[in-house]
Amino acid sequence: MTLSEYKYNDIIHRCFRCGYCKFPTDWDDVTNCPSYARYRMESFSSGGRLWLIRAWVNGDIQWSEHLTKIIYSCTSCKNCVEKCPHTFSDDLVNMVVAAKTELIKIGKIPKPVKDFLENTQLYGNPYGISAKKRADWMEDLDIPAYNGHDYLYYVGCDGSFDPRAQKAARATARLLMSAGVSFGILGTDEISDGNEVDMLGEDGLLEYLAQKNIQKFSKLGVKNIITLSPHSYNVFKNKYPDFGGQYQVYHYTQILAGLIKNGKLKVPDTSGISITFHDPCFLGRWNKEYDAPRKIIQSFKGMTFNEMARNRKGALCCGGGAGNFYTDFLGGSDESPARIRIREAVDTRADVLAVACPNCLMMLEDAAASEGSEIIVKDISEIFFPE
Amino acid sequence: MSSILNKLIAVVGEDYASNRQEELFTYSKDLGTAPPQWPEYVVAPKTDKEIQKIVLLANEEKVPIVPLGGGMTLAGLALPLKGGIIIDLKRLDKIIEVNPESRYMVVEAGISNGKVTAHLHNHYPRLMHSEPGAPPAATIGGNLAIHGQGDLAHPYGFNSDMVNGMEVILPTGEMIQLGSCAVGSGWYSMQPLPDLKFFSGWNGTTGIITKVSLKLFPNKKFRDNDLFVVENEELVPEILYELTHLGMTEDLISSSAAIPPLMNKLHHISINIAGDYEEEIEFKRHMVFDVALSKFIRSGTGGIGNLAGEWPRPQVSKSSDWKKGGGFEYVGAIIPVSLYPECYRQGARISEQHDIPYTILGRVIGCSHAMMFSWSYAFNRADEETVKHARQALHETDDLVMNLNGTIWKPAVYGQRLMMDRMNKNTLELMGKIKTLLDPNGIMNPGNWEVNR
């Protein structure tokens, strides 16, 4: 079968498969592409994947379940974009996403991806949980529904439904409240932001979600959005303008860093605690925000901060992006990227691995348990509330 | 599921053995012009013990095995020309020992050059290894298997001269050691016996290199990349002679290319200088330009192109996109430095005939004892006609090398045949005997270097 409509037919052949895309910024190892780190077969490397997509598009190989696994194991972490020396590097992830779109068009996608998309369409979240439960994450917090506040606090699907990520959502809300930030939430009216849907290649569903959200935001007069998740931050900031949604979007770490600087937020005493930090791909490589989380951590009293060997634009992805936290194509091995990342965090001798993304929080905490590691994985917001 | 696949899975685990079309397709392709050659299985072992089991299995089943490093030769040297099992060695990537006082490090052979460089940079900043002129994903073992050469070639020679010891799994499955490690004395020297030369440069046709002791060299604090530019190619050998007589540089490369335009018909001689003190750098720069090259500057035949530039990390893959086509391949030849002008002219001619922007490069090896000269031919992977042109240009260049009395470096099968046709018959016969002795079942990368054909 030849897929003449494949969007990148005119450039996909330009990948030379030279392998720069496997490395982090400092050339530390060939394992900075999360799917290649997991499987160590060239077919799972960024270049190998592009060559396979081209072969499929040209009809040189046939569709197979294994091919879809290879394509969907890309987490859209953008390490390849960062490292590729070629002029078309900006389109490397787009080429994979476009292949996912072609798979959706012919209806031949892996079951977990199908479930993810169906759940998002039917329930507004990938977990398939009733929208009525969307505000349960608040527990006893008294957060008002958005009604002309300075900010909309957009919690996102993970923070709303995943028990571990809910804690981060609550901690962030408590910090905003304690600093006197004027904000409200959508509660049960909130639906998926569409970032993962986009990365899974379902552009129609992204459009649907974006338009629904934009309609809602317009009706409520939302101008400024604080997101818990860098994934939400990314899609609101970079994709929603394509659908007419223009907002001032902040990741919560950017707001907290400002509140600390202005003396509006009391920083915790972390004396005797050593902290390291894992950069989320959708905050770091996608949006070049590396400093805000570090400014917060470095403001903590008595803290010791040690960077992991791979950090900032060279950070290894946790393996959860592009829906992989749900589809789990990279799990099930001690070479799963999240487990590699935990070992790197342990190498810094940190007591706490700080994260700034509910997706990373879920992935890395599970990985720490699998590793039998004593390192504590915490969202930055949670460090303000020592247990 | 085939019984061989089951046996491979039993050795390495399910994730690291495959006979699915996706892996077979991926490993059937080289980055150059070679047509696809399909393996029957792909396996990615983690340990030398696993490799031994795979080799024994291949002997039992009489199935070919092809060891693969970074897959960067471009000449199809790790393609399974007769099918069989591709053994991807990149999971053998441990750093086993670094001995700074004796300036060596022991690594597993599937480790990338990038990882070695990063490890030394982070932990032993006063030490470096010679990184080949290849992307950093190129492996240490793969580079030895092709007699590679890199950024310290001028003072220290080929990368295969920079080895203190090796561990190799023979085609019959036994593991051997070469150098001082073979007598249990550590990994500090390749010489004297048992210094056997049956593995470096044999393109993986005689065994699988699994461990290497790499010589390390002083990594100076300051680095400087200078450029000297001449229009007349005839001057290049003389300039290199002066610079190698001076002996103050770490790498000398002369290159010329149609793209970018500022390199067209000009010869850029890249001069790498290093020193631990600014004064040392300044003095070396003075000696290079004010003494060794002054006559060329004064006569107006040569000029300084750039001073005190950064040492660029090689980004050779950029050549692949000259035609926005994602492909290039080159012929590399070991030639006397005096042949540079003719090699340049003939290369530009061949390129023009095939409508390919010419790209040539010559790296000095040793004290001008030889030069690795390369002619690169870009092609558009999506346009078979340009691939054919590049392939034809490569063959013509192989012929050219032979006609100029050069030696083809890491030749593809076409060039291998030219080399064997020209080779001293007794030498060829000895190579055949060695291969038969080491590989009685003929399973090691068959189709490459078929000396017994």
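Let's begin at A:Arg17, which is found in the segment before α1 (34-39) of chain A; helices (H or I, at least four residues) and strands (E, at least two) are DSSP runs, numbered from the N terminus. Phi of A:Arg17 is near 65°, a positive value in a residue that is not glycine. This is a predicted model, in which local features need pLDDT of at least 70 and side-chain atom pairs count only at pLDDT 80 or more, while totals for chains, interfaces and linings use all residues. Residues are numbered from 1 along each chain as its sequence is written, chains are lettered from A and ligands numbered from 1 in the order in which they are written, and side-chain values use heavy atoms, with hydrogens and water left out.

**Backbone features to look for**

- A:Arg17 counts as buried because its relative accessible area is 13%; buried means under 20% relative accessible area, exposed over 50%, and partly exposed in between (1.4 Å probe, protein chains only).
- Chain B has a non-glycine residue with positive phi too: B:Arg103, at about 50°.
- You can find B:Arg103 in the loop between β5 (95-99) and β6 (104-108) of chain B, and its relative accessibility of 39% makes it partly exposed.
- The peptide bond from B:Gln191 to B:Pro192 is cis, with omega near -5°.
- Another cis peptide bond joins B:Leu193 and B:Pro194, with omega about 10°.
- B:Pro192 sits in the loop between β9 (175-179) and β10 (208-215) of chain B, and B:Pro194 also lies in the loop between β9 and β10.

**Nonpolar cores**

- In soluble globular proteins, nonpolar side chains tend to be buried together.
- A nonpolar core is a set of buried Ala, Val, Leu, Ile, Met, Phe, Trp, Tyr and Cys residues joined through side-chain atoms within 4.5 Å.
- The largest core here has 128 residues, and those with the most contacts inside it are A:Tyr6, A:Met95, A:Leu117, A:Phe217, A:Leu353 and A:Leu364.
- Helix α5 (residues 92-105) of chain A gives the most to this core, contributing nine residues.
- A second, separate core has 81 residues, including B:Val116, B:Leu243, B:Leu394 and B:Met419.
- Leaving out residues up to four places away in sequence, the residues that A:Leu353 touches include A:Phe277, A:Met308, A:Ile342, A:Leu364 and A:Val377; contact means heavy atoms within 4.5 Å.

**Helix α12 of chain A**

- Helix α12 (residues 252-261) of chain A is mostly covered, with eight of its ten residues buried.
- Among the buried residues of α12(A) are A:Tyr252, A:Gln254, A:Leu256 and A:Ile260.
- A:Ile255 is found in this helix, and it counts as buried because its relative accessible area is 10%.
- Apart from neighbours within four places in sequence, A:Ile255 is in contact with A:Tyr151, A:Leu176, A:Ile226 and A:Tyr250.
- Just after α12(A) comes A:Gly263, with a positive phi of about 70°.

**Where chains A and B meet**

- In this interface, 46 residues of chain B are in contact with 40 residues of chain A.
- The area buried between the two chains is about 3,600 Å², with carbon and sulfur atoms giving 58%; buried area is the accessible area (1.4 Å probe) that two parts lose on being put together, summed over both.
- On the chain B side, B:Glu22, B:Phe25 and B:Thr26 lose the most area to chain A, together 15% of what that side buries.
- The count between the chains is four salt bridges, where a salt bridge is a side-chain nitrogen of Lys or Arg within 4 Å of a carboxyl oxygen of Asp or Glu.
- B:Lys115 and A:Asp29 meet through their side chains in a salt bridge (3.4 Å, N to O).

**A:Asp26, a residue in contact with both chains**

- A:Asp26 lies in the segment before α1 of chain A and is partly exposed, with a relative accessible area of 27%.
- Apart from neighbours within four places in sequence, A:Asp26 is in contact with A:Ala309, B:Ala118 and B:Asn122.
- A:Asp26 and A:Pro126 are 100 residues apart in sequence and 36 Å apart in space, C-alpha to C-alpha.
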